[in-house]
Structures are given as C-alpha cells and as structure tokens.
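Reader: I would like to learn how to read a few features of a protein model. Could we take them one at a time?

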Amino acid sequence: SSGTRCPVCAEPWVSPRLLPCLHSLCAPCLRRLGPLGEPGRAAAARSVLCPVCDAEVALPPGGVGQLTPDYLALSRGGAAAAAGCDLCADGAAVRRCLTCGANLCLFCCQAHRRQKKTSSHAVMELESTKDCSQAEKPLFCPSHPTERLRLFCEQCDQPVCRDCVVDRHRQHPYDFTGNVIHRHGDALRELLKSTQQRMGTLEGVLSQMDDMGSALRDRTEAVATEICLFASGYVKAIEEHRDQLLKQLEDLKVQKENLLHLRKAQLQQLLLDMRTGVEFTERLLTSGSDLEILITKGVVASRLAKLNSVAYNTHPGVDDGIQFSPQERAGQCRGYELFGAILNKVVDPARCTLHGEDLHSARQNQLTGFTLLCSDTTGERMGRGGEAVQVTITHKDKRDCAVKPKVCDNGDGTYHVSYSPEEPGLYAVCVYVKGQHVKGSPFTLMVKNKIREHQGVFHCCTFCSSGGQKAARCACGGTMPGGYQGCGHGHKGHPGCPHWSCCGQVKESSECLGGPPSDTSQRSLLRTVAL
C-alpha cells in the first residue's frame, strides 16, 4: 500500500495486515470482507477478494490475526502525521529520546534535559521522515509484550525475543537481526531485480500489441478502401456485394481485436501486479527498518517468486492476416457474376506436415529431399505459396558441420527441400514456418556412408567361392588378403566364415563351405577389409 490510510475505510491505519498480493488493509476491514468459494467450505481454508487488485488471496488457518503485520504502513502513517510530541501531544516532534524512545517537541525536549532523571538521556534530531521511520519505537514480541524483537530464528524464519529463544524456539539456530539482515535483504534484492527485468519484457510485449492493433486497424481500413473501389462499377449488385464484404470484414476485425484485447488485458494485469510488488519491495528495502524487512520479507518473497513463475507469450498471438482477392469468384447477385472475397486463411505451423521416403535417412554426397505441405488453422491446404519457410540441418556431434538446404516454393502451398550432406552421422533437422516448428519438427536424420559400386559378382569370399583354392580371384578382379586366413579359416576344421566379399559387401544368402561364422573370424576379416 502506498498511502497513509486504509484504502477501504479511508481512515488512519488500525492494525494493518499485509495480504499475499502485497496490499495492506486494516484488520477490521479485512474481517468484514466476505469469503469466496462454495458454501460449507472450511473457514480455515477460506479466501477473500482483495478490494484493491481483485486478486483472490487465501487467509492463513488462524484467520486475519495470523496475517503479517504491516509495520511499514504504520511507520508511514506516523511520518505523515509529522511525528507529534509524545509528551504534550500539542507540538510537532523535532527530536527523539533514544533512551526512553519518545518523540519530543522543542519545548518538551528542553524540559527533558532539565529534569534530573532524564538529563543524561541521548537525544537525536529528526531531520526527515526517513529518520522518523528508522528511529521509530521498538517492536515488541506478540507472545512476550515486554520483550523487544532483537533476534531472528533461522529455522522458523521469523524475528523472536529472548524469551522465545528459551521457550518455543529452544535449540533452534538464531542470530541477532543486525547479523542476518544483509543476507535476507540481498535475497530480496535478487528477486526484485528479476521481477524488474520481466517487467521490461512485458512492457515490450504490450508495446508490440499496441503496434499490432494499429497495424490491424490500418490494414482493415486499406482493405475496406479496396472493396469500395472494386464495388463502385456494379451499381446495386456490387453495392450489395460490397455491404456483405464490409460486414464480414468488420466481424473479422472485431474477432481479432477481441482476442488481442483479451491477451493484452491479461498481460496488463500481470504487469500491474509486478509493478505493485516491485514498488512495495523497493519501499520496504529503502524505507523499512531491519525488523520491518525481516518481518515482511517472507510474504514479499513469496509474491515476487509467484509473479516471476507466471508464463506468458512474448508474441502478440494475433496477426493482421487479412487480404482481399479481387479475382476470387463470389457467385452471382442480380444476375451479375461477382468477384472479390476476403481471404482469412492463415498458415498454422502446427498443421503443416512433412512428406518424403527419405525423410529420416540419406546417403553421403547424394542429393535427397522432402516436401513441406502447408495448411491453415482448420487443416485445409493453403493452396498458395509465399510463406516464410526456414530449414536448418545441423550435425549432432559436429556443431560446426551444417548442411545448407535449398527451399523451392511450388506456389501451391507445398515447398520442396533438397540437400546433399557431406559428412555421415546423425543430424538434427528443424523446419520452421513463420519462425515456428511445423508438425514433426525437429526430427533426426541418419546420413550413411556412400556406397562403393561393385562391378563383379558378389562372393562369400575367395576361399569359399572357389571351393577351397587359395589363389582364387573375386569376379571384381581382387583377391582376399591372406588367402583363406583372411576369411578366418584354419588348417584344421572350419572355424567359420563372416560372409563378406573382398569389397566389404555383406551377402546374407551366401553359403559357406565350412559352416557358421565365428566371432574371431568376423573380427579378423573386418580388420582386413577395413585396411
């Protein structure tokens, strides 16, 4: 809250309590608020509607009494009242006794120093409202009214007094408030910084929405002008046609503006909530005392964290995709063939599909590709080109290795993407329309090694194909290095044949003279072929 009075009753603060939305209300005003929710809902879990921001806030199990007290509001109210003298209640306080904690006017200050019992008290000047706030009366423990709140319980995350430490907070880690204020204050400042950054982003999005609203209105006016010029030559028939088109255009504009206004209102409310949180936190950190910050920081941190977790779209979500096509047939009116229709087909990336036999596989240095079929929001084919299509093909293991694809607009709503990868391996393929992924994007592409053509007849190996002749040659003209040893054959028995030809091609249907292959022979031959 930014005022010195309750926003509901407009009276000076009476036991102000801080709601989770960071608005303060007097405790009596809070108790008069009606509960939200279904009848019969448990009173301990009831919620109320904040009269300032209309946010639904849940009350703690103990009700209004357990809400965080807003000492900052009380200190502002005291400062606004010019800190009246605590002794005579007539003059304005100009000094404060640090020993007894009383605000004194000039006359009472002189008398305070003349009295024997108070002549040794330390008195300070009250130069500003900030001094009044920082030098306000000590805060006492609600459970032990005679004890000041000087300590902070780390386990319970709240200020406590000396009696609390030996009673309910026994064996809890604690420290003096002056020792912990820096750590907790820094945490609040980090949250404040994050919220301020998000506010800047929100303001930018709202500015884009304003620009889009203006562009939508300008575009609507331009289309209306085109329609009027086109209809002027057909007298009554064209005038009727024109009226129908303008009505359709207006309905479309209203539909888009309503959606734009709805999203804008949601973001404006989020920005307003963030601004409220930021303003309150800034005042707390700059004007609040250490105890005020520690007492209030829990609800403030919770609110800022909640605001920072709200997701929102950084795009307006509404476009000005309205076009007028004079060549489109519109039927007959009064016997006249009419042309001209409003095109509101907008491509929907989520409904655009990818087609092709080699969509997920390709060969090194071989030209291949696939087709992109664009559709609108209803799933109907666009039937026309001109969309912003972008394709990226990046090697998953070699970030600096990318393929430059070629996108060809066929003019009928389809786009052919062709490419020739130079390196084998796994690639990530991303296909965008208007900066958004299409259906099935991104996907994985496997590029295999290029095939070496074999001009002869494939054999199991030189040894088996020749019936056991060591000097036999393959039909391609080559020999198996090492004779039968290259096939893994031993002098005694037949440990197996891996069914490889001299060119390294597998022929699953080959029959070996010696029986099934062995792991040893496979590894031996693989090494030989690799060499």
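Reader: Which residues do ring pairs link into a cluster?

Author: This is a predicted model, where local features need pLDDT of at least 70, side-chain atom pairs count only at pLDDT 80 or more, and totals for chains, interfaces and linings use all residues. Residues are numbered from 1 along each chain as its sequence is written, and side-chain values use heavy atoms, leaving out hydrogens and water. A pair of aromatic rings is described by the distance of the centres and the angle of the planes. Rings of Phe, Tyr and Trp (its six-membered ring) pair if their centres lie within 6.5 Å; planes under 30 degrees apart count as stacked, over 60 as edge-to-face and the rest as tilted. Here the cluster linked by ring pairs is Phe370, Tyr419 and Phe443.

Reader: How many aromatic pairs are there?

Author: The count is two aromatic pairs. The rings of phenylalanine 370 and phenylalanine 443 have centres 6.0 Å apart and planes at 80 degrees, so this pair is edge-to-face.

Reader: Is phenylalanine 370 buried or exposed?

Author: Buried means under 20% relative accessible area, exposed over 50%, and partly exposed in between (1.4 Å probe, protein chains only). Phenylalanine 370 has 2% and is buried; phenylalanine 443, at 7%, is buried too.

Reader: How many disulfides are there?

Author: A disulfide is a covalent bond between the sulfur atoms of two cysteines. The rule asks for a pair of cysteine sulfur atoms within 2.5 Å. The count is zero disulfides. For cysteine 21, the nearest cysteine sulfur is that of cysteine 50, 3.6 Å away.
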